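Thanks for coming, everyone. Let's look at one chain together. Have it up on your screens.

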Amino acid sequence: MTRPTNQANDTLIDLKTVCNTLCRSRASIYRDIKRGDFPEPIKLGGSSRWRMSDLNKIVDPEAPMAA
């Protein structure tokens, strides 16, 4: 059975957008990935992408989850 997804929240975003949104450096993002404090990227070819829904959980952890 598949779950319906909110496509706006599952948009894949690049590292530059992640850094700008969180006001953090590229190095700090990858350091937190290594420590397990940040979600692993999805690899597409040679680039890394993150789900917008994962980023939203970091920005606003109190927000309700979509069904």
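Ground rules. This is a predicted model, where local features need pLDDT of at least 70, side-chain atom pairs count only at pLDDT 80 or more, and totals for chains, interfaces and linings use all residues. Numbering starts from 1 along each chain as its sequence is written, and side-chain values use heavy atoms, with hydrogens and water left out.

Now the layout. The chain has 3 helices and 3 strands. Those are DSSP runs, numbered from the N terminus: helices are H or I with at least four residues, strands are E with at least two. The order from the N terminus is β-α-α-β-β-α.

Next, burial. Buried means under 20% relative accessible area, exposed over 50%, with a 1.4 Å probe and protein chains only. Of the 67 residues, 24% are buried.

Back to helix 1. Its buried residues are Leu15, Val18, Cys19 and Leu22. They sit on the same side of helix 1, because they cover an arc of only 95° around the axis. That arc is taken from the directions from the helix axis to the C-beta atoms. The face turned away from the buried side carries Lys16 and Asn20, both exposed. Cover for the buried residues comes from elements including strand 1, helix 2 (26-35), strand 3 and helix 3. Contact here means heavy atoms within 4.5 Å.

Last, helix 3, residues 52-59. Ser53, Asp54 and Leu55 are buried there. The buried residues of helix 3 pack against strand 1 (12-14), helix 1 (15-22) and strand 3 (47-51).
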